[in-house]
Amino acid sequence: MQAQNQKVVNSLLEEVTVFFTGAELTHIAKVNLSAGENEVLVEGLSPHVDINSIKVKTTGQVVVSSFEFSVNHLSAASEPSTQVKALTETLEKYTKEKQQLEIDIRINRTLSEQLQLGVKKRVTGPDEGIGIDELMKTMDYLKSKSYEQETERVALGERLEKLQENINRV
């Protein structure tokens with residue numbers, strides 16, 4: 001029997017307690033009920049809930065006659081929530097930042113190696129290896145070319161990753 005007054009409400013995660021063998025999640029869902037029998041669908045809960053652990057609390061003169069838990073598989077495939085989108089954007093931002101730092105570290109390492117090679121060639125004058133001015137020009141050129149190559153390598157890696165994702169989807 002379906003109630004005449006059906007309400008759909010999103011739950012908000014209010015509190016999390018982590019244990020060795022699981023976690024306790026406290027969600028809050030607020031809804032205005034009409035007089036009489038109401039059916040309330042609470043969305044935004046984990047599909048991995050232990051059904052025996054669900055507790056429903058109310059305020060006022062509300063009586064809960066029954067409840068059941070089910071996963072709406074069609075809803076799960078729809079648009080991600082704003083929280084998921086925000087987390088995804090943050091993750092992408094941090095990933096790009098990490099890649100840029102990795103590029104900087106590799107270039108720095110290469111420049112240090114080149115500097116050590118230049119010092120080993122006794123950079124004291126034009127007759128004994130390359131001069132300081134030449135070494136500085138070489139280092140600047142090496143740095144700019146290294147940035148180009150590393151940036152292109154990261155872009156190619158991203159394209160390859162997206163292509164692999166598309167292949168996996170098909």
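Val31, Leu33, Val40, Val42, Leu45, Val56, Val62, Val64 and Phe67 form a nonpolar patch on the surface, and together they hold about 640 Å² of accessible area. In such a patch, each residue has over 30% relative accessible area and no salt bridge, and nonpolar side chains (Val, Leu, Ile, Met, Phe, Trp, Tyr) are joined within 5 Å. Accessible areas come from the Shrake-Rupley method with a 1.4 Å probe; for residues, only the protein chains shown count as cover.

This is a predicted model: local features need pLDDT of at least 70, side-chain atom pairs count only at pLDDT 80 or more, and totals for chains, interfaces and linings use all residues. Residues are numbered from 1 along each chain as its sequence is written, and side-chain values use heavy atoms, with hydrogens and water left out.

Leu33 sits in the loop between β3 (22-28) and β4. Helices (H or I, at least four residues) and strands (E, at least two) are DSSP runs, numbered from the N terminus.

Buried means under 20% relative accessible area, exposed over 50%, and partly exposed in between (1.4 Å probe, protein chains only).

| Residue | Relative accessibility | Class |
|---|---|---|
| Leu33 | 39% | partly exposed |
| Glu15 | 42% | partly exposed |
| Glu68 | 71% | exposed |
| Glu158 | 25% | partly exposed |

Glu15 belongs to strand β2 (residues 12-19). Glu15 touches Glu24, Leu25 and Thr26, leaving aside residues up to four places away in sequence. Contact here means heavy atoms within 4.5 Å. Glu15 and Thr26 are 11 residues apart along the chain, and their C-alpha atoms are separated by 5.0 Å.

Glu68 is in the loop between β4 (38-43) and α1 (73-76). Its C-alpha atom is 9.3 Å from that of Ile54, 14 residues away along the chain.

The whole structure has 1 salt bridge. Lys96 and Glu158 form it through their side chains, at 3.3 Å from N to O. The pair links distant parts of the chain: Lys96 is in helix α2 (residues 82-120) and Glu158 in helix α3 (residues 132-169), 62 residues apart. A salt bridge is a side-chain nitrogen of Lys or Arg within 4 Å of a carboxyl oxygen of Asp or Glu.

Definitions and conventions. Patch = residues over 30% accessible without salt bridge, like charges linked within 9 Å, V, L, I, M, F, W, Y side chains within 5 Å.
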